[in-house]
Every structure is written in C-alpha cells, then in structure tokens.
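Q: I have a sequence and a structure to read, and I am new to this. Can we go through it feature by feature?

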There are 2 protein chains.
Amino acid sequence: MSATEPLLGILGGMGPQAGLDLAHKLITSTRAENDQDHVPFVLFSLPGPVADRTEYLLGDSATNPAYAIADQLESMSGLGVTVAVIACNTAHAAPIFEVILELLREKQVDLPLLHLVDETIARLGHDFPAINRVGVLGTRGAYQSRLYEQALEKAGYETVLPEPDIREQMVHAAIYDSRFGIKATAGKVSAKSRELMRLAISHVGERGAEVVILGCTELPLAVAAPIVEGIPVLDPTQIIAERITRIFRPGRPVG
Amino acid sequence: MSATEPLLGILGGMGPQAGLDLAHKLITSTRAENDQDHVPFVLFSLPGPVADRTEYLLGDSATNPAYAIADQLESMSGLGVTVAVIACNTAHAAPIFEVILELLREKQVDLPLLHLVDETIARLGHDFPAINRVGVLGTRGAYQSRLYEQALEKAGYETVLPEPDIREQMVHAAIYDSRFGIKATAGKVSAKSRELMRLAISHVGERGAEVVILGCTELPLAVAAPIVEGIPVLDPTQIIAERITRIFRPGRPVG
C-alpha cells in the first residue's frame, strides 16, 4: 500500500462498538459527494490483547493496556498511518497514556496522537465560553485517575461528579452490567442503559453542572440527544470526529 | 502486533458507510458478554486509490480497481489478517475478482477471501428451499457483468431483474444520485433513496420475484426491514456477517 496521502488510524475495540461509533461520526461529519471525498482511515478492533483500562487503573489487573495499544499503533505506523486516535477516554489517563507515548519513543515510532480529552476541553471553551461547572460521567477507572478532573481544573473549570452510589449503580452499570450494560449488548443498547444515563445526567445537573461531558466512548451510544433534561451534553467522540474532518478535509465540515 | 489468533480483514471504503455497515452487523451478530468475545478485525476504508467498480465494468474508466484492492489485501496479510472479505458486491464481478486473485497469487499472498455472492446464494438455498424466481437489485456494473445472474443460474434459479428504466431511475439513482444518493449523503440515507428502494423491490415482486437480493453493499443502508411489500429481502452484508461469526465464534451466533 503506497502512503501517498495522509491516513488516519482509529484504534478501536474498546469496545468494538465505540470504535465504530467514531468512524461513523467521522463519515457523517464530512460533506461528501462521492466515496473519495471521505477521510481515509484504518480501524483496528482487536480487543483480545488489550487489557481492560479500568481494571488496570483500579489495580485489579497487573497488565498495563499501554503495551498492546503501543504495539497496535506501531503496526498502524508501518501501514502508512500519519495520525492516530485512541477511541477510549479511559486510555487517556496518565498511567496509560504516558506509557504509550514512552513506548512509541522507545520503538522510534513517530506517530502523532490526537488527544480525546484535550480536544474536548478545547471545544468546551469554544462552545460554552461563559460556564464554570462541568459535569463528568465516566468509568470507575477514569474517576480514579481524575482524567477529566485534572484537565478541567487546569483549564479553570470546576468539575461536578455524580455521587459515588449513582456513579456505580447508574454510570458504571450502564457500561459494564453483564445483563443490560453497553458492553454486553453491543450494537443494541438496552432501554435500561439509556434510562440510567438520562437519570445520571439529570443527577449531575441537579448538583450544579451546566454542561455534561460523556467521558467514556461507550456512553454516547446510550445518549442520542445533544440536550438531556435541559442540560447540554458534550460527546468527545463527535468532537474528535469533527476535529479530524477539519484536519483532513478543511473544506468539508458538515453544517 | 503479534498474530497469535485468527484476524478478520474487512476491505471497506466502497463506500465508507457500507464497510462500516458490515463491521456493525458483525458486532450485532455476535453474542458477547465483554469486548474480548467479539471477532477481532481490521477495517480498511481508503476509497482514494480504489477506482469505481461500476465505471470500470462499463468501460468508463480504464483502471481496474483490482490493483488497489490487491495492494490493500497484501497490507492486511502483512498485519496478520487470516481471512478477508471485500465489502462491495460489484468488486466480486469476474473481471475484477479474478484479477484480484491472480494478483494475490503473483504477490505470493496467501490470504483466503470470503465470497459475498457465493455465500448469499448458499444462504438463499438454506433459508428458501422452495423458491425459483429471485429478484436482484444492484449497480449498473453488477448488471453488466451478470454478477448475481450467473451465480443464480448455476444454482438453478431464475433471475428477475428490474426493467432498464426502473434500474436507472430507482436503483442506480438511489446509490449514485449527486443530490440524494446514498454515496452523496453517507451516514444519513435520504427519504428519497428509501422510497426508491421500496418501489424497486415492489417492482421486481410484481415481475414475479419471490425473494429479492440487495446486490450492492450500499442498498441495505436504505432498506431496514427484512420484508418489504410482502417480499423477503436478502441482505448479503448481514449474511456474510453471520457467516463470519460462525467461523470465528462458533458458539456465539445471536438468536
């Protein structure tokens, strides 16, 4: 395959449906008259070797998923990928993301990575210049590592988190529950997960959040509307998709 | 990336939304309790170098898309892909598909390809043992090359095609029209394309078709129901997705 043009790499599989959601949002964010107008990409969806990000951050698994992720990024680079994005918020937590960057340096792989969290914070400032209090919903691992909290703090925002029992029984369950969770019903999100997410958004709204970030790539699968219970919802997957379109096809953003 | 397990390659990009549709149907066809239960795959969506299949078959383009497709399959094989599928019915027409196989032999790339058309005919015999007359809707290129006609004939079926003006004004337009066609509105199929497909299915039904094959990977995007106007509709993308699940995850078909 000749690498004569910029090529995007989407590192998906965490879970598989979340990776596809990013590719789908990229396609719908690009105004195209034919196939060739679309951003060229390769999507890797190899969940087998990638240890669960949250389990690692909580100390429940000794394997840092950074190793498998860096291996896959190295393969992408070999294919001619010129910029990549990891379709998983939790993988951007420092104990994982910093190790990925270090491994790429060791392997001498020169592959720029777009940063899901940083791009989301940048967009927040652009779209909502007057707000202060930002709600964040995510996995246990993302909370533990203060992934969005630290980035929001640095940018001058106050973070509004759900109460611990809501976080466990609503957000974590919506993703991981073995009966109705998004990972267990991939592609067909349950009504239960959708309802739990509606309640969780409403809950952080009651605690003062002016906007809510869906800080796990699986959550947007269960939240279709841009405003829920009167609260604007920020979808990092949609934000990064629009950013990619502006990088690769500056004349072709939708809308 | 270590190739220690079977890995699927999906050659998409023809168009990009059709490739994603196959990946999505694969995920929803696999009963999974966690990310790792899903079939591992890489999806290539690089429409740039791949010449339009229909334009080549009609003689409107001198470039056989087989060359770019074989290059991409070679790259997949280098990544550790153990079996691949091309997410485009028209690319399975002999003037393209036979050249792909020849190029892979020349390159000494030993990569088995699943065959979208053959798998669809096999499934037809299994699900509808008593029928004779099979409607086929597809691109101009697929008709010109008699892609499904020959395969159906060999299997003892009679093919029912739409009349030429219906084929042009409904099926071809639903895919290629520059205002409302599926390729021009990727990800958000127009009501017009959906309505044209409903009328085209009804039309081949009136001509005697007992079932209808959606013989272009973009048509299922505009036809959501398994039965339209009382006629069962066969979606090759769904059929190949279920076949892949049975190959990779024999204990995990949905339903």
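**Salt bridges, contacts and pockets**

A: Start with one pair: E168(A) and R140(A) form a salt bridge, with their closest N and O atoms 2.6 Å apart. Here E168(A) belongs to helix α8 (residues 164-176) of chain A and R140(A) to helix α6 (residues 140-144) of chain A, so the pair ties together parts that are 28 residues apart in sequence. Helices (H or I, at least four residues) and strands (E, at least two) are DSSP runs, numbered from the N terminus. This is a predicted model, in which local features need pLDDT of at least 70, side-chain atom pairs count only at pLDDT 80 or more, and totals for chains, interfaces and linings use all residues. Residues are numbered from 1 along each chain as its sequence is written, chains are lettered from A and ligands numbered from 1 in the order in which they are written, and side-chain values use heavy atoms, with hydrogens and water left out.

Q: What counts as a salt bridge, and how many are there over all chains?
A: The rule asks for a side-chain nitrogen of Lys or Arg within 4 Å of a carboxyl oxygen of Asp or Glu. Over all chains, the count by this rule is 38 salt bridges. Across the interface of chain A and chain B, the rule finds 4. One salt bridge joins the side chains of R53(A) and D35(B), at 3.6 Å from N to O.

Q: How many residues does each chain bring to the contact?
A: Contact means heavy atoms within 4.5 Å. Chain A gives 42 residues and chain B gives 42 residues. Buried area is the accessible area (1.4 Å probe) that two parts lose on being put together, summed over both. For chain A and chain B this comes to about 3400 Å², with 61% of it on carbon and sulfur atoms. Of the interface residues of chain A, 100% are also interface residues in chain B, so the copies meet through the same surface.

Q: How are chain A and chain B related?
A: Two copies of a chain are related by a rotation about an axis and a shift along it. In this model, a rotation of 180° with 0.0 Å of shift along its axis places chain A on chain B, with an RMSD of 0.0 Å. The two copies are thus related as by a two-fold rotation axis. In chain A, the C-alpha nearest the axis belongs to L43(A), 2.5 Å from it. The superposition is by least squares on the C-alpha atoms of residues with pLDDT of at least 70 in both copies.

Q: How much space lies in the largest pocket, and which residues are closest to its centre?
A: On a 1 Å grid over the protein atoms alone, a pocket is an open set of points where a 1.4 Å probe fits, with protein on both sides within 12 Å along at least five of seven lines; lining residues have an atom within 4 Å of a point. The largest pocket holds about 810 Å³ of space. It is lined by 31 residues, and the closest to its centre are D21(B), K25(B), P220(B), D235(B) and Q238(B). The largest share of this lining, 5 residues, comes from α1(B).

Q: What is the volume of the second largest pocket?
A: The second largest pocket has about 380 Å³. Its lining has 19 residues, and A225(A), P226(A), V233(A), D235(A) and Q238(A) are the closest to its centre. A volume is the space filled by probe spheres set on the grid points, which are joined across faces, edges and corners.

Q: Which residues are joined by a cis peptide bond in chain A?
A: M14(A) and G15(A) are, with omega about -10°. G15(A) sits in the loop between β1 (8-11) and α1 of chain A.
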